[in-house]
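This briefing concerns the structure displayed below.

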Amino acid sequence: MPILDYQDNEALGRVRAVDTANVTVAVEDVTRLRKLQVNRLAALQSSRPGQHLIGIIQRITRSASSGGARADRAVVAEGVDDDDPDDEINVVRIALIGTLIDRIGLKENVFVRTLETVPEIDANCFALEGLRLTAFMRVVANIAGDGQRLSLGHYTLDEAAGAYLNGNRFFQRHAIIVGSTGSGKSWTTARVLEQVAELPNANAVMLDIHGEYAPLNGDGFQHLRIAGPADLDSGATLDQGVLFLPYWLLGYEALTSMFVDRSDQNAPNQAMVMSRAILNAKRIYLEADGKSDVLANFTIDSPVPFDLETVLGELNELNEQMVPGARAGAEKQGEFNGKLSRLIQRLESKQSDRRLGFLFQGVAETMQYDWLERLVVRLMAGRKDQPAQRGGVKVIDFSEVPSDVLPLMVSLVARLIFSVQQWTPIERRHPISIVCDEAHLYIPERSGASGAGDISVAIFERIAKEGRKYGLGLVVVSQRPSEVNRTVLSQCNNLMAMRLTNGDDQAVVRRLLPDSLGGFGELLPVLDTGEALVVGDASLLPARIRMSPPNQPPNSGTIDFWDRWALDTAVGGHDAAVESWRKQRVQTPQ
Ligand SMILES: Nc1ncnc2c1ncn2[C@@H]1O[C@H](COP(=O)(O)OP(=O)(O)OP(=O)(O)O)[C@@H](O)[C@H]1O
Ligand SMILES: [Mg+2]
């Protein structure tokens with residue numbers, strides 16, 4: 001069934017003027033003109049049957065007619081009284097954006113972004129509203145069956161029309177959700193994740209930087225937490241949802257960025273000696289475990305556990321080494337004698353830092369060879385009905401990770417997922433999405449200054465460019481799009497832009513909007529909380545959508561300062577907060 005089945009008497013008006021991609025429509029009925037709004041959609045009769053041209057209303061004007069126009073009009077409607085209030089030119093300017101074709105071959109209702117024809121003078125123009133709008137937007141979003149529907153909310157300009165996206169396209173080719181603080185990104189993310197979690201084989205990892213997403217509960221959600229200082233002695237394990245990310249998972253570059261001070265004159269020596277010592281320690285581990293097949297091919301970047309004490313022992317030995325001198329019986333300092341002191345000192349201080357306990361003070365199981373398999377299952381399992389491999393949406397709470405190592409740890413998780421996807425044979429690959437909240441913190445525009453930041457950026461750039469091939473999608477969420485890495489942004493084919501007040505951020509987002517559609521960028525600063533401009537692969541036309549709140553809103557609730565200050569109750573808890581700070585663990589009041 002064609003979705004645009006207008007009767008002539010529903011027409012708003014008729015086409016008066018046409019140029020390449022714009023038409024001017026004269027509206028006779030002033031009450032209808034008043035109801036029209038800029039940015040709404042209109043459909044125009046095409047010269048070809050079975051087609052309608054679709055346009056966006058750009059300007060609505062009502063003005064007294066000049067003599068020429070009146071003469072013009074008199075031809076159409078003879079005997080017009082001079083005092084007739086209709087004796088005005090009411091015109092609507094419409095930018096044409098595409099064609100809706102009732103049928104191509106076996107496919108019904110196909111929308112194309114080209115103009116197959118232009119409307120003829122006097123062609124009828126109709127408003128695209130209500131159920132027709134819903135149906136049209138579903139065509140635009142490429143939603144064939146109900147299965148792939150991702151429900152967002154309603155169109156701002158037409159509350160009656162439900163707004164949906166094509167879930168395949170949204171996750172396939174990466175997405176970004178941007179907006180100033182408090183504009184509703186976390187709520188929108190939660191709404192999307194809730195629907196993902198309902199699918200029986202859902203697979204997504206949510207990088208929750210502030211621990212905001214704890215309230216998202218239910219069968220389809222798994223909550224994991226990076227171990228904090230208080231978890232170190234409690235013997236918390238993976239099965240309890242406490243994640244350790246042991247140092248041996250870090251690649252060579254990450255290890256050097258952590259231990260070697262690049263400004264040190266001995267840095268190249270230190271990096272070289274350290275890599276040799278780590279390779280050696282990995283070999284010792286593999287030999288002790290009898291993994292001869294791995295021994296033949298492993299590299300320094302292979303995820304093989306090694307004992308940090310072995311490495312430290314070797315470094316200490318070289319740092320103090322004396323070798324036979326030129327004269328018999330005499331000794332001189334070895335090649336690295338004294339050159340590794342700072343490396344050893346950095347290593348030892350990181351090793352004993354309780355804030356970094358999740359890296360260096362992991363429970364015993366993290367040194368077992370098959371622990372990594374268990375970690376990966378925890379992060380990437382699909383089915384939620386199998387207790388041993390609970391899948392769904394895995395929310396990982398990074399709130400206890402110190403900010404200086406956050407990029408390193410977040411990217412470690414991302415790299416793990418990417419590598420496993422790469423090494424999974426294509427027929428067994430299960431698609432997975434990584435949702436990156438507060439992405440500007442760990443996917444910044446390349447600075448070149450900090451080693452750790454660059455490592456993280458490199459991994460996310462790689463996922464943005466190649467992830468699609470391996471069934472790995474990114475959803476980048478940020479309040480500062482202008483600070484997020486450009487390469488990653490440019491690979492995102494879906495945009496949800498919420499209110500943006502900063503000029504730099506607006507400029508970045510405007511560049512992502514299709515240019516033929518202009519105008520929409522102007523809306524960015526005036527969007528209401530919870531409203532978004534949505535465009536991209538999952539929806540070919542930009543639309544302004546009022547997001548429905550999630551069933552389980554995240555913990556990002558805005559505090560009502562004035563109301564709270566107006567309360568008459570005692571406020572305390574500062575002493576407990578200070579003590580929590582010392583103990584590095586939040587104490588919830590009893
Ligand atoms: N769709 C919505 N409908 C109604 N209210 C909303 C909606 N989305 C957000 N809000 C309101 O706005 C507040 C802030 O939303 P949210 O936490 O999602 O902002 P944010 O963009 O993630 O901010 P930040 O960048 O600081 O994390 C919410 O607490 C809620 O009161
Ligand atoms: Mg947020």
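Between which strands does the loop that holds Thr117 lie? Thr117 is in the loop between strand 6 (107-112) and strand 7 (124-127); strands are DSSP runs of E with at least two residues, helices are runs of H or I with at least four, and both are numbered from the N terminus. This is a predicted model, in which local features need pLDDT of at least 70 and side-chain atom pairs count only at pLDDT 80 or more, while totals for chains, interfaces and linings use all residues. Residues are numbered from 1 along each chain as its sequence is written, chains are lettered from A and ligands numbered from 1 in the order in which they are written, and side-chain values use heavy atoms, with hydrogens and water left out.

**Thr117**

- Thr117 counts as buried because its relative accessibility is 12%; buried means under 20% relative accessible area, exposed over 50% and partly exposed in between, with a 1.4 Å probe and protein chains only.
- The side chains of Thr117 and Ser46 are joined by a polar contact of 3.0 Å (a pair of N or O atoms within 3.5 Å; within protein, one must be able to donate a hydrogen and the other to accept it, and residues adjacent in sequence count only if both atoms are side-chain atoms).
- Leaving aside residues up to four places away in sequence, Thr117 touches Ser46, Ser47, Arg48, Gln51 and Leu53, where contact means heavy atoms within 4.5 Å.

**Ligand 1**

- Oxygen atoms of ligand 1 are placed 2.7 Å from an N or O atom in the side chain of Ser186, 2.9 Å from a polar backbone atom of Trp187 and 3.1 Å from a polar backbone atom of Gly184.
- Taken alone, ligand 1 exposes 630 Å², of which the protein buries 81%; these areas come from the Shrake-Rupley method with a 1.4 Å probe.
- Helix 5 (residues 185-198) gives the most to the shell around ligand 1, with three residues.

- Asn142, which follows helix 3, has a positive phi, near 60°.
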